[in-house]
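Please keep the sequence and the coordinates at hand while reading.

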Amino acid sequence: MSDNVVDLPIPGTANRKDTAAEAVAGTKAGRVKRRLTSRWATLAALIIAVVWTIPTFGILLSSFRPEELIRTTGWWTIFQNPGLTLDNYRDVLFSSSASSPQLGSYFVNSLAIAIPATLFPLVLAAMAAYAFAWIKFKWAGALFVFIFALQIVPIQMALIPLLQMFTSILQPIQAQIHDVIPLIPEQTYVQVWIAHTLFALPLVIFLLHNFISEIPSEVIEAAKVDGASASQVFFRIVLPLSVPAIASIAIFQFIWVWNDLLVALVFSGGTADVAPLTQRLAELSGNRGQDWHRLTAGAFVSLVVPLIVFFGLQRYFVRGLLAGATKG
Amino acid sequence: MTTTDLIGKLLQVGLALAGFSAVLGLIFFFVDRAPKRGRDVVQLLAFLLPAMALIAIGLVYPAIRTTITAFGDKAGNFIGLDNFVWMFTQPEALITLRNTVVWVIIAPAVSTIIGLAYAVFIDKSRGERIYKVLVFMPVAISFVGAGIIWKFIYEYRPAERDQIGLLNQILVWFGQEPVLWLQTEPINTLMLIIVLIWVQTGFAMVILSASIKGVSIEQLEAAQLDGTNAWQRFRNVTLPGIRGGLVVVLTTITIATLKIFDIVRTMTGGNFNTSVVANEMYTQAFRAVEPGRGAALAVVLFLLVLPIVVYNIRVLRQQKEIR
């Protein structure tokens, strides 16, 4: 977590000092703290770290063990019962046999859902945030507070009527598209995209507004004086300057969508045409809870993308996550 | 998955992105060419209207509809408070409420305590980063993934066979009988709560660790010169110094706990009396085709979350003012 990434409203860090002051205090702090941390504290920390890591490690190791061994022995007996294989991954991802969960197509669905469901709300929210911050209009303050307050409403409040609206309005349109372009199935991603976009908008507008409203007004005024149009100001100045905030929020939104189960269950229809990995895995865990060679490998297939994001883009991930922690 | 399927999917995404860009392009095209006189209004509408219309049609209106539905039966006839009466009188619905209360009492407190203890233990220690990453990692994982990971830990085999679930193996090592963790009441709800604790502790730890780094070193040193021990310094200096962080962590995890759905859905499906409000809402509304009851549960969820979110926002605002 570096300090110079982006200033999103992050809880709990209010009285953090700036980096320079921290660096000076660092050595002093080290002296005090070293005496604070006793041997027992280190031991306790070590135990917590191990307990927290073992579950993931166990499932990762098991996913590489042959089916027969997973079914009969624990992964901690790996040295007595050696054997590692990639068969489980081949089976869950690429096998076309009826008993295979065929996760390949659900993996594509997860990506196909998450990428647009990240882009759409971010672009629309950036536009709205720009309007709230830089275009003066009546009731701006009240409207903004209202949008902000919408975070309070859990998505459960919108699910039932939203599904009814989708069924009566979107379904016929999708059927028509299917008639014209048979390649596109009748059940499309549209519902899931729209639902995720809707549920993201209030929070993303709020977070981006915090950032966009702090762009120095001289920059924007100067551009306007030079004859830049509204869309030029937005695309050439506001968006580029907001990249750090947008990156953090985008990562949070992407992971949120990727990990979501509820929206998928309600709006995807549950077929291999649309359903994401989470939905498929929850279904497998319910129906075929004993197929551990498939569940372990399948779980890891779904974990790999968030973990890559987590390890690769950690500073953005942490910022985005903390800023969006109240979402849902 | 056949190649045609894949092409169909790529086509959908491509068309959606192209369509989205085209609509935006059109909007901006007309904004920039709007007549001088009404230009401000046109600009405002172009930037604001897409998001506002979506929110009005897709969030505000449905939320109002849900509230109305909560007072209706299957056919939509007005039945007053019957759905709420059902919720607070029928045994199966009461169990759902009871479980939610148990979740809310245990999960936020335990994750915060462990997260705080861990943050204090590893503060300024060697390898602090690695320590943090290990406990924080579950935060990136989906609840579905976490559910499967822990189901594997809880897996049961009869006593005469080798255990493949770690928890039962540990019992067997200590000479105990293995337990059907997810089917045995009331322990199964606790087993599900552990999964949420496992995920949320990392979140609590990261925020509290940042708060701890803001506690004044001078005060800690002064307290040390006064001859206090580590626990006294923690109680009297560190703890008051991180109050804001603690409140944020507790409220945020409480909100997440109230809305918990995926863990229950993945691990037990709400069977064996483990259902919670959000899971029951989904079951009633989309499986049992009881939209009235589902809506009533959604409304109750909203009412439960409401005060905590308001409080949370107030604390966050105060913190911002201090900064």
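Two residues are in contact if their C-beta atoms, placed from the backbone, lie within 7 Å. With contacts taken in this sense, residues 24 or more positions apart account for 66% of the contacts in chain B with a separation of 6 or more.

## Model and confidence

The model is a predicted one, and its confidence should be read before its geometry. Chain A averages a pLDDT of 85, and 86% of its residues score at least 70. Over residues 1–26 of chain A, however, pLDDT stays under 50, although the model has 49 contacts beyond four places in sequence for that stretch.

## Overall fold of the two chains

Chain A contains 15 helices and 0 strands, while chain B contains 14 helices and 0 strands. Read from the N terminus on, the elements of chain B run α-α-α-α-α-α-α-α-α-α-α-α-α-α. The radius of gyration of chain B is 26 Å, well over the 20 Å that the globule rule gives for 323 residues, so chain B is more spread out than a compact globule. The C-alpha trace of chain B spans about 75 × 60 × 55 Å along its principal axes.

As for burial, 48% of the 328 residues of chain A count as buried, and 46% of the 323 residues of chain B do. In chain A, residues 24 or more positions apart account for 74% of the contacts with a separation of 6 or more.

## Domains of chain A

The domain assignment of chain A gives domain 1, covering 19–94, and domain 2, covering 104–323. The C-alpha centres of these two domains of chain A lie 32 Å apart. Across the boundary, 13 residues of domain 1 of chain A are in contact with 10 residues of domain 2 of chain A.

Which elements give two or more residues to the side of domain 1 of chain A that touches domain 2 of chain A? They are helix 2 (39–63), helix 3 (67–72) and helix 4 (87–94) of chain A, and helix 4 of chain A gives the most, with 6 residues. By residue class, this side of domain 1 of chain A divides into 7 nonpolar, 3 polar and 3 charged residues.

## Domains of chain B

For chain B, the domain assignment gives domain 1 (3–80) and domain 2 (83–322), and the C-alpha centres of domain 1 and domain 2 of chain B lie 35 Å apart. Here 7 residues of domain 1 of chain B are in contact with 8 residues of domain 2 of chain B. The residues on the side of domain 1 of chain B that touches domain 2 of chain B divide into 1 nonpolar, 4 polar and 2 charged.

## Interface between the chains

Between the chains, 111 residues of chain B are in contact with 106 residues of chain A. The side of chain B that touches chain A is made up of 72 nonpolar, 24 polar and 15 charged residues.

## Nonpolar core

The largest nonpolar core has 181 residues, and those with the most contacts inside it are Ala125(A), Ala128(A), Tyr130(A) and Leu208(A). Helix 5 of chain A, residues 103–134, gives the most to this core, with 20 residues. Leaving aside residues up to four places away in sequence, Ala125(A) touches Leu201(A), Val204(A), Ile205(A) and Leu208(A), as well as Ala51(B) of the other chain.

## Backbone details

Most residues other than glycine have a negative phi, and most peptide bonds are trans. Against that background, a cis peptide bond joins Glu185(B) and Pro186(B), with omega about -5 degrees. Pro186(B) is placed in the loop between helix 7 (166–173) and helix 8 (187–212) of chain B.

Gln102(A), which is not a glycine, has a positive phi of about 50 degrees; Gln102(A) lies in the loop between helix 4 and helix 5 of chain A.

Lys124(B) lies in the loop between helix 4 (91–122) and helix 5 (128–136) of chain B, and with 16 other C-beta atoms within 10 Å, Lys124(B) is partly exposed.

How values were computed: Residues numbered from 1 in each chain as written. Chains lettered and ligands numbered in written order. Predicted model: local features only at pLDDT ≥ 70, side-chain atom pairs only at ≥ 80, totals over all residues. Nonpolar A, V, L, I, M, F, W, Y, C, P; charged D, E, K, R; others polar. Domains from an automatic or database assignment. Helix = DSSP H or I, 4+ residues; strand = E, 2+ residues; numbered from the N terminus. Core = buried A, V, L, I, M, F, W, Y, C linked by C-beta atoms within 7 Å. Buried ≥ 20, exposed ≤ 12 C-beta atoms within 10 Å, placed from the backbone. Rg over C-alpha atoms; globule rule 2.2 N^0.38 Å. pLDDT = per-residue confidence, 0-100.
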